[in-house]
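Me: Got a model open here. Can we walk through it together?
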Amino acid sequence: SSSSSNSSTVTYSLVSVDNPGNASDPATDFGSVAYTYQIGKYDVTIGQYTVFLNAVAKTDTYELYNPNMGTDLNSAGITRAGSPGNYSYNVMINSGSSANRPITYVTWLDAARFANWMANGQPAGVEDSTTTENGTYNLNGATSGTAVAKNTINPNTGAAPTFYIPSENEWYKAAYYNGAGTYYSF
């Protein structure tokens, strides 16, 4: 079964990662970041991704919805109803609401489109340069290929992008660095 997402906007908590210029982890050579940055406090949730889908994927031009989201009961994600042009998405109910579980079955391109949408102020509408195709990343309709470089300036806001996919060093530092010059094992 499923239930509608009650929120029309996504609140995404960020935390600051300080100690710029830290050394990398000698065991892996990851984690050195020369600047202070922010990273998501939690994973993007099924509920947040459902709001995103309902805002931009009524047609789902770039396959932001993976059918496994609605059939894999281990993640109990998102169901889709309707037909192209009129799709709607709902958080699944499986031993309770799945809204706060982490989203699964997303590609790098899906995550980049979510980042663009967030950086563009969460607009509703078709997947185009003002919603999902530009902002933090100029995806220009890409459906395969490698990661795209981050824009220095979001063309939709005229400012530096506010949401983006962390680099491996940013993620590693946030996950393992203790702030005092050493790294935790887990």
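Me: Which strand does E2 pair with, and in which sense?
Reply: Strand E2 (residues 14-17) pairs with E3 in the antiparallel sense, over 4 bridges. Pairing takes at least two DSSP bridges between the strands. Strands are DSSP runs of E with at least two residues, helices runs of H or I with at least four, numbered from the N terminus.

Me: What's the bridge partner of Val15 in E3?
Reply: Ile39.

Me: And where do the side chains along E3 point?
Reply: They alternate along residues 37-40. Buried means under 20% relative accessible area, exposed over 50%, partly exposed in between (1.4 Å probe, protein chains only).

Me: Before I go on, what are the ground rules for this model?
Reply: It is a predicted model: local features need pLDDT of at least 70, side-chain atom pairs count only at pLDDT 80 or more, and totals for chains, interfaces and linings use all residues. Residues are numbered from 1 along each chain as its sequence is written, and side-chain values use heavy atoms, with hydrogens and water left out.

Me: OK, the core. How many residues in the largest nonpolar one?
Reply: 22, and Tyr49, Leu53, Ile78 and Trp117 have the most contacts inside it. Helix H1 (46-56), strand E5 (88-92) and helix H2 (108-119) each give two or more residues. H1 gives the largest share, 7 residues. Such a core is a set of buried Ala, Val, Leu, Ile, Met, Phe, Trp, Tyr and Cys residues joined through side-chain atoms within 4.5 Å.

Me: What does Leu53 contact?
Reply: Beyond neighbours within four places in sequence, Lys58, Leu64, Tyr65, Ile78 and Tyr89. Contact means heavy atoms within 4.5 Å.

Me: Phe52 next. Buried or exposed?
Reply: Buried, because its relative accessibility is 0%. Phe52 lies in H1. Leaving out residues up to four places away in sequence, Phe52 touches Ala57, Leu64, Arg113, Phe114, Trp117 and Thr132.

Me: Switching to H2. Why call it largely enclosed?
Reply: Because 10 of its 12 residues are buried. Among them are Leu109, Phe114 and Trp117. H1 is part of what covers the buried residues of H2.

Me: What happens at the start of H2?
Reply: A side-chain oxygen of Thr107 comes within 3.3 Å of the backbone nitrogen of Leu109.

Me: And what follows H2?
Reply: Gly121, with a positive phi near 90°.

Conventions
Polar contact = N/O pair within 3.5 Å; in protein donor to acceptor, adjacent residues only side chain to side chain.
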